[in-house]
Amino acid sequence: MILDIKALHVYYGGIHALKGVSLSIAAGEIVALLGANGAGKSTLLRAISGLVPVKSGQITYQVSEKEKLDIQIISAHQIVRYGLCHVPEGRAIFGNLKVMENLEVGAYCRKKGKDLQMDFARVFRLFPRLAERRHQAADTLSGGEQQMLAIGRALMSRPRLLMLDEPSLGLSPILVKNIFRTIVEINREGIPILLVEQNAHLALKIAQRGYILETGVIKQEGSADQLANNTEVRKYYLGESAAKEEGIN
C-alpha cells in the first residue's frame, strides 16, 4: 500500500472529528471517499497533509520500494517533497499571480531545468485552456479553469499520490465531465488518487474502491461496484433515480 491509515483520531478543540478511521490506497488506484457535509472528509485529507494535528493513530506512506515513512513526524512542506500532494476544496489558487506563476509555485521544491519544462508541457497537454491563458491573472479565470489550474499546480510537484478534495464543486456538468476525464488520464499515467467528491455516482464510476465516512467513522467500504449497488449507499448518496454518467472512461 502506498498509503496506510490505521485507527486515526483527530480533534478540533472539543470536537472529535475523526474517530478511529482506517483507510488504505494501493499503487495505481483511484479510491473514492464519500460522505455528507461535515462527515470529516476534508479533515482526513488535511490530517494526511500535516495541516491538522493527529491525536492518535498511524499514517504510513510508502516513499519508495524500500522505505516507509510515518508522515506524522514531518512537516507539511516536507510531506509535499516526498510526493504526497493535496488539491484542497476551494482550489486555493493565488489570484494575483498569473497562470504560469501559479504553476511555478507548484514546483517550488524542484530545480529548474529541462524536466521542469517537460512538466509545463504535460500540464498544458492535459489542460489546453491553461496554455491559452498562461499569461492571464488566475483570478480572471472561470471556476472550471481555476480547478484545472489547481490540479495542474499539484502536478508540477511530481506527486506520487494525489489527493483531490471536491474537484467538481461549483462546476457545470460539461466541465465536471472534462475534469473527471483528466483525473482518469492522470491515474492512467501511474498516479494513485484519493478522491473526495460530492458527486458520489461519478466518483464510483471512475474509482476502483471506496469508503463511506459518516460523522468521523468509516461506515462502509468495498469495491466501487459493491458500493454503487449497495441499497443503503444508493438511498443516501446516489439516489435510486440517478442518471448514469457516460463518456468518462
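In what order do the six strands of the open sheet lie? The order is 6-7-8-3-9-10, and the pairing is mixed. Helices (H or I, at least four residues) and strands (E, at least two) are DSSP runs, numbered from the N terminus, and two strands pair if DSSP finds at least two bridges between them.

This is a predicted model, in which local features need pLDDT of at least 70 and side-chain atom pairs count only at pLDDT 80 or more, while totals for chains, interfaces and linings use all residues. Residues are numbered from 1 along each chain as its sequence is written, and side-chain values use heavy atoms, with hydrogens and water left out.

Strand 6 (84-87) and strand 10 (217-223) form the edges, each pairing on one side only. From one strand to the next, the twist averages 15°; axes are lines fitted to C-alpha atoms, for helices over the stretch in contact, and angles run from 0 to 180 degrees between N-to-C directions.

Strand 8 (residues 193-196) pairs in the parallel sense with strand 3 (residues 30-34) over four bridges. Strand 7 also pairs with strand 8 in the parallel sense, over four bridges. Some residues that face each other across these pairings are listed here.

| Residue | Residue opposite, in strand 8 |
|---|---|
| Ile 30 | Ile 193 |
| Leu 33 | Val 196 |

Buried means under 20% relative accessible area, exposed over 50%, and partly exposed in between (1.4 Å probe, protein chains only).

Contact means heavy atoms within 4.5 Å. Six of the eight residues of helix 1 are buried, among them Leu 44, Leu 45 and Ile 48.

Helix 6 (residues 143-155) lies across strand 6 and strand 7, at about 170° to strand 6.

**Asn 187**

Asn 187 is in helix 7 (residues 173-188). Asn 187 counts as buried because its relative accessibility is 11%. Its side chain reaches the backbone oxygen of Gly 28 at 3.2 Å. Leaving aside residues up to four places away in sequence, Asn 187 touches Gly 28, Glu 29, Ile 30, Pro 192 and Ile 193.

Methods:
Polar contact = N/O pair within 3.5 Å; in protein donor to acceptor, adjacent residues only side chain to side chain.
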